[in-house]
2 protein chains.
Amino acid sequence: MVPELEWIEGGGITSPAGFRAGGIYTGVKTYGDEPRLDLGLLAWQPAAPVGGLFTRNAVTGESVRWNRRLLAAGRPVSALVCNSGNANTVTGEQGARDCRRMAELAAERLGTEAEQVLVGSTGVIGRLLPMEKIEAGLRSIELSEHGGHAFARAIMTTDTHPKEAAVRFALGGRTYAVGGCAKGAGMIHPDMATMFGFVTTDAPADPAWLQETLRAVAGRTLNMLDIDMDTSTSDTALLIASGAAGGEPVRDGHPAAAALAEAIEAVARHLTRELARDGEGARTLIEATAVGAASVEDARRAARTIVSSPLVKTMVVGRDPNWGRVMMAAGRSGARVDQDRASVWIGEHRVLDCGTPTPIDLSLVSRAMAEPELSIRIDLGAGGSAEATAWGCDLTEEYVRINADYTT
Amino acid sequence: MVPELEWIEGGGITSPAGFRAGGIYTGVKTYGDEPRLDLGLLAWQPAAPVGGLFTRNAVTGESVRWNRRLLAAGRPVSALVCNSGNANTVTGEQGARDCRRMAELAAERLGTEAEQVLVGSTGVIGRLLPMEKIEAGLRSIELSEHGGHAFARAIMTTDTHPKEAAVRFALGGRTYAVGGCAKGAGMIHPDMATMFGFVTTDAPADPAWLQETLRAVAGRTLNMLDIDMDTSTSDTALLIASGAAGGEPVRDGHPAAAALAEAIEAVARHLTRELARDGEGARTLIEATAVGAASVEDARRAARTIVSSPLVKTMVVGRDPNWGRVMMAAGRSGARVDQDRASVWIGEHRVLDCGTPTPIDLSLVSRAMAEPELSIRIDLGAGGSAEATAWGCDLTEEYVRINADYTT
């Protein structure tokens, strides 16, 4: 029996025991109206196993290259240093040296070695990191058990607010916590993970179990998020298990395995929805569910394509129940669709019933579209029973303004 | 030796001999500020072979289903009737009957049979065609040898102007002409063809040669166009050879085969560029070329993804030389990219040289981006010599406005 999850109010990545974090303003992030935190450090003791997923974009940031090598080595790690405002991507050999130097500086600050420090850089592509600012920041950054909030702010780029969550559950005389934070409001079409999605737990865990759990959870959460179809070069999802709660490492068969996986998924799903809600220029969180699919893969394709479609997104911003665009998007997704058996719901309203438009008053549907969250549901009519949900947001004129002005 | 092509000023689909056309306002298209032509008829005598390519969207309009059956039968056809304002898609059994009725009405008007009439419907999805308007229109429409212009207007949806072109060349004592028209400004990410792209010629041609030539030409032209990543349910490309110029049917080995194929490609490329230039809300025509690719498929993927990327498109609207987004798009395209050997040009300016950013003054690059046409070039550094070009447009706030208000 899986115990009930309790949401921790004001929780985040330092809610699980064993983690300290902090954030500081160094000046790396030069855009925006006011100085905002742009360097974050998360540390845990002792060194612990980490599951990681990284972008499948063929062009990758130096931090992604660094982290892949680190995790491939299979040794436990003990810290994560991140900056926003600069992705350190397509920066040549100097970029690789800067990334390593960032890990070294963090390691010096923590009394560990560079090979135990993961790095995350997010922001503009093609510019060298101002290393003197990073160095100064890492000398003065302060860490605490409540520092998760500052860390969550430090990784933001065009996000309007930080995304954080944490849950806990009790089982077999122990209490376990799972926390997380994430960032990303544009260039969001994760192909392994979103820009940054970090989840921590104080449960001890087997490294292979961590990696497999992260992969499965991301497949249903972070990888089902789309804001603007562009896959970042920095996408990074990490799942870190400090072990501070004590006990045997969680793996398949462990009494806490199911509850821990569910807690991780709850936090990841919450972060995914918050990322979608805060998409650049977004006014509406769109949740698209595809059912009646021939396979889970088909259902995921259809749901993801619906939330990705510029014409569905603009239909939502216009409060326009032009549901033909939902059919168009499902049809181009690659999923099997039988248009003569398909049905579509906008909010609670069924607008297409087994291939035939319903005689519903579309002004009612339009009113339902004015809510801050809109569900779109499609039965693909493909005869199967697989389903999937994806999250996205509407496409507003504000998105265009934000991205036309991003680096200048 | 391929003879020189001569562009025909003010030319279009009725420039080749043997074609008559017309367009009329019937009231099918209810949006827009003023009555605009919305029903077009193109006819030729005698019945002739037609090459056709249709959308790969799993959801298709009734006209696409009708045309596929007609062309699969392999018999020559003699007319094409089109309406704009209503796609007759996801309209159930009544929609199928309406499509057939449209072909019958056109056949009655022309004294032929429904099985010789191709149909094209484009516009809003999910609404029944107002058949009484179509019927009245087909009774009164007038056809002429100069009617190609009216036809080109009648197929427009959110297009701001018609797209037409024609060329001619002389060879072996005969003169051949090739003409074309196209429409489509949104829901444009052709997966076989664009919304509508029609090419006519008075050359006689072998049906198999026509089909193969259309496929090859579309692969380099119409299928390399992207406006907003959404693939229409009505995409239709047709290549019609009236044979009025006389002589033996053109096929491989025919002395005119190379020149005719080149003329067809010139017209299709012109139409593709004009479609991109008139993309919904567009201010800038973007031409992206990928070179140094491991395969043509890779080059096409990279070029098409660059013109599709919302972040590249908004970079252009903001005149912001944020070329990292070009690398990001190439990287997520699925093409092989070596980021340490890649180079990028924005207009004439090389901004990335073999993986290293160049010290160019970015304000110069920004100025080059203010032109009505912008070329973006990437060397993928993948060691190959394959290349491809794709066309698209910038993403403006106007695109959002147009598509938020489309059906209401």
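I number residues from 1 along each chain as its sequence is written, and chains are lettered from A and ligands numbered from 1 in the order in which they are written. For this predicted model, local features need pLDDT of at least 70, side-chain atom pairs count only at pLDDT 80 or more, and totals for chains, interfaces and linings use all residues; side-chain values use heavy atoms, with hydrogens and water left out.

**Chain A overall.** I looked up the secondary structure and found eleven helices and 16 strands in chain A. Helices (H or I, at least four residues) and strands (E, at least two) are DSSP runs, numbered from the N terminus. The radius of gyration is 22 Å, close to the 22 Å from the globule rule for 408 residues, so chain A is as compact as a globular protein of that length. That radius is taken over C-alpha atoms, and the rule is 2.2 Å times the number of residues to the power 0.38. The C-alpha trace of chain A spans about 70 × 55 × 35 Å along its principal axes.

I checked burial next. In chain A, 64% of the 408 residues are buried. Buried means under 20% relative accessible area, exposed over 50%, and partly exposed in between (1.4 Å probe, protein chains only). Then I looked at contacts (heavy atoms within 4.5 Å). Of the chain A contacts between residues at least 6 apart in sequence, 80% join residues at least 24 apart.

**Helix 1, chain A.** I listed the buried residues of helix 1 (residues 62-72): A:Glu62, A:Ser63, A:Val64, A:Trp66, A:Asn67 and A:Leu70. They pack against strand 4 (50-54), strand 5 (77-86), helix 2 (92-110), strand 6 (117-124) and strand 10 (236-241) of chain A. Just after helix 1, A:Gly74 has a positive phi of about 80°.

**Helix 9, chain A.** I found helix 9 (residues 324-332) mostly covered, with eight of its nine residues buried. Among them are A:Arg325, A:Met327 and A:Met328. The cover includes helix 7 (296-308), helix 8 (310-317), strand 12 (343-346), strand 13 (349-353) and strand 15 (373-379) of chain A. Helix 11 (397-404) of chain B also belongs to that cover.

**A sheet in chain A.** I traced an open sheet of six strands in the order 14-13-12-15-11-16, with mixed pairing. Its edge strands are strand 14 (356-357) and strand 16 (386-393), each pairing on one side only. Two strands pair if DSSP finds at least two bridges between them. Strands of a sheet pair through backbone hydrogen bonds, either parallel or antiparallel. In chain A, strands 13 and 14 run antiparallel and are joined by two bridges. A:Leu352 stands opposite A:Pro357 there.

**Hairpins in chain B.** Strand 12 (residues 343-346) and strand 13 (residues 349-353) of chain B pair antiparallel over three bridges. B:Ile346 has B:His349 as its bridge partner. These two strands form a hairpin with two residues between them, and B:Gly347 in the turn has a positive phi of about 60°. Strand 13 is joined to strand 14 (residues 356-357) of chain B by two bridges, again antiparallel. This pair also forms a hairpin with two residues between them, where B:Cys354 in the turn has a positive phi of about 50°.

**Backbone checks.** I found a cis peptide bond between A:Gln45 and A:Pro46, with omega about -5°. A:Pro46 is in strand 3 (residues 39-48) of chain A. In chain B, the bond from B:Gln45 to B:Pro46 is cis too, with omega near -5°.

A:Val90 is not a glycine, yet its phi is positive, near 55°. A:Val90 sits in the loop between strand 5 and helix 2 of chain A and counts as buried at 2% relative accessibility. B:Arg319 has a positive phi near 50°, in the loop between helix 8 (310-317) and helix 9 (324-332) of chain B.

**Single residues.** I placed B:Ser366 in helix 10 (residues 362-368) of chain B. At 21% relative accessibility, B:Ser366 counts as partly exposed. Leaving aside neighbours within four places in sequence, B:Ser366 contacts B:Arg319 and B:Pro321.

I placed A:Asp206 in the loop between strand 9 (196-201) and helix 5 (207-220) of chain A. A:Asp206 counts as buried at 18% relative accessibility. Beyond four places in sequence, A:Asp206 is in contact with A:Pro249, A:Val250 and A:Arg251.
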